[in-house]
Amino acid sequence: MRSLWKLTCMEMKLFLRDPAAVFFSLGFPLMVMVLFGSMFGNRPIRDLGGKGFVDRMIPGYTAMVIGTTGLVSLATVVSSYREKGVFRRQLATPLRPPVILAAQVLVHFVMTAAGMAILVVIGELVYGLRLQGSLINVLPAFVLSSLSIFGLGFVLASVMATARSAQTSSMVVYFPMMFLSGSVIPMPLPETVQRYAQVLPLTHVVNLLRGLWEGGAWSAHLKEVGFLAGLLVVCVIVSAKTFRWE
Amino acid sequence: MLRETDMDEEKAKRSERNVAVRVERLRKTYNSVVAADDVSFDVHEAEIFGMVGPNGAGKTTTIECIEGLRRPDSGNIRVFDLDPRRDGYALRARIGVQLQQSALQERIKVWEAMELFASFYSRAADWRALLEQLGLTEKRNAAFESLSGGQRQRLFVALALVNDPELVFFDELTTGLDPHARRAMWELVRGIREKGKTVFLTTHFMEEAERLCDRVAIMDRGRIVALDTPENLIRSLGAENRVVFTVEGPFDPQPLCRLPGVTRVETIGERIVVYGRGDMVVVEVVNALASKRIPFRDLRTEQPNLEDVFLTVTGHEMRD
Ligand SMILES: Nc1ncnc2c1ncn2[C@@H]1O[C@H](COP(=O)(O)OP(=O)(O)OP(=O)(O)O)[C@@H](O)[C@H]1O
Ligand SMILES: [Mg+2]
């Protein structure tokens, strides 16, 4: 346990020392929120059931944080540690392999949560968010969403041969998903695109978070929960079978 | 002479001590490549055991099988009566490892790496003293990515010692080190042995193996082709000493050939090489030259060394 704590603290420091990781996980989603917020404000809109633009979009920006942190950053860090031999060196100590991976999951989870917290705090201060959903519902949805997307990141880190290809493929997966899932684009997408978007994990993340955040019930989101839980299970199995330490 | 015998006895005594590592019939293949083939040897407690061999001989494979980092195809390995695959965690708590190839996180600082790795062990050495000993104190706040090759190497050696291990593995101990750092590293390794600990190292520097190691195994194409003290390995070669000097003008090798102990004389232009056995050959040659008033310069003697043994038992050509 002490090793896990020490390793996690160290990896957290290293994450914060990487300007690109910090910017994309914490800064960029905030920038997008402030940018759109300054354009559209957060006045109540009748079509949105009395909620404002920022209220509507904040679950999407949260999904963005989950995507950049969990998919791009996690896949990049894990595959580059493997490629450079950082894992090799750690495995030559009494460290248990699950501890090494758990530290990465923890760090990325904490950073994702921090990214969401920043959005909520700034959103509240600047735009006065009106969100009816209770934390007790939103948090488990956030945890499930994060873990499923992390799972996807691990699969990419496992099946890609090099750090470079893992990073590239994570972006190839992430960026289209970011636009098509409705996480940043405020207007409804065309019908056909929406249908295709149903296969994208991030779409389900956005829908689940948005639904619960706006006060919806879990029973209305069984499809999303099922999809994300299934994805998590599949990803864990696939990474367990394909993950290599070197 | 007396000192030599003393040293041999000392080494013989050491070799009677307990066995720290026992490798029996180790075999490891990668697809079609046989990296280790029927490898058997013991490493004794409190000795410096060296392994040398050409690139691709199987040294890293062997050492990493012993550390429990690679799975042998077959064979038996015991380290302090532990099985590296079954009791890997217990084993790795007691050993120190410097890998030939590995890295740390780019932005981790030297002191952070030391503190982090120390936290992985229940027993820990004073890592600040280790940094001092390895000349890294000034670099303690430097990020790993900013270290030079030799500084990284020294940091990895420090990390290998952070748990005050009973047995430490150095895979290419001094690769990338400048001559000062290399000498300092030898002192450090001897210091480890003086504390009763065991060192297993690989090296490409024959001088290092000869001067530092109590016993040396020569590995070639996945097999151990020789294993003994450096002195015995050299002696077993049965090679002659050489006296080399330069003369000006014509030179008649005949009188030198008749000297006691001299086996043959080679003339390469102005350079003369006298081959012979026994320690008196030099004296005989110098006396003969002086009495015949033959002017000579640049006289030196060359003893056969581990490099000769290496070249003889592994063949000369480069391969992989
Ligand atoms: N992970 C691996 N996958 C495939 N082949 C490997 C692997 N590791 C080593 N080999 C092969 O096994 C053989 C022995 O390699 P090894 O690294 O043990 O040699 P070595 O004696 O340490 O060489 P060097 O002096 O160059 O470090 C080589 O032919 C090498 O190509
Ligand atoms: Mg090697």
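User: What kind of model is it, and how are things numbered?

Analyst: This is a predicted model, in which local features need pLDDT of at least 70 and side-chain atom pairs count only at pLDDT 80 or more, while totals for chains, interfaces and linings use all residues. Residues are numbered from 1 along each chain as its sequence is written, chains are lettered from A and ligands numbered from 1 in the order in which they are written, and side-chain values use heavy atoms, with hydrogens and water left out.

User: How many helices and strands are there in chain B?

Analyst: Chain B has 12 helices and 13 strands, where helices (H or I, at least four residues) and strands (E, at least two) are DSSP runs numbered from the N terminus. Its C-alpha trace spans about 70 × 45 × 40 Å along the principal axes.

User: And how much of chain B counts as buried?

Analyst: Of its 320 residues, 50% count as buried, with buried meaning under 20% relative accessible area, exposed over 50% and partly exposed in between (1.4 Å probe, protein chains only). As for contacts (heavy atoms within 4.5 Å), among those in chain B between residues at least 6 apart in sequence, 68% join residues at least 24 apart.

User: Switching to the two chains together, how do H1(A) and H4(B) pack?

Analyst: Helix H1 (residues 2-17) of chain A and helix H4 (residues 110-118) of chain B pack at an angle of about 160°, with their axes 9 Å apart; the axes are lines fitted to C-alpha atoms, for helices over the stretch in contact, and angles run from 0 to 180 degrees between N-to-C directions. The two helices are therefore roughly antiparallel, given that angles under 35 degrees count as roughly parallel, over 145 as roughly antiparallel, 65 to 115 as roughly perpendicular and the rest as oblique.

User: Which residues meet there?

Analyst: From H1(A), Arg2(A), Lys6(A), Leu7(A), Met10(A), Lys13(A) and Arg17(A) meet Trp111(B), Glu112(B), Leu116(B) and Ala118(B) in H4(B). By class, that contact has five nonpolar, no polar and five charged residues, where Ala, Val, Leu, Ile, Met, Phe, Trp, Tyr, Cys and Pro count as nonpolar, Asp, Glu, Lys and Arg as charged, and the others, Gly among them, as polar.

User: What about H1(A) and H5(A)?

Analyst: The axes of H1(A) and H5(A) come within 9 Å and cross at roughly 50°, so these helices are oblique to each other. Residues of that contact include Leu7(A), Glu11(A) and Phe15(A) of H1(A) together with Ala103(A), Val107(A) and Met111(A) of H5(A), and the residues of the contact divide into 13 nonpolar, four polar and one charged. Leu7(A) is also among the residues of H1(A) that meet H4(B).

User: How do H3(A) and H7(A) sit relative to each other?

Analyst: H3(A) and H7(A) pack at an angle of about 170° with their axes 8 Å apart, and they are therefore roughly antiparallel. Their contact has 11 nonpolar, seven polar and one charged residues.

User: Now Glu64(B): buried or exposed, and what is it in contact with?

Analyst: Glu64(B) lies in helix H2 (residues 59-66) of chain B and, at 1% relative accessibility, counts as buried. Leaving aside neighbours within four places in sequence, Glu64(B) is in contact with Arg88(A), Leu69(B), Arg70(B) and Leu99(B).
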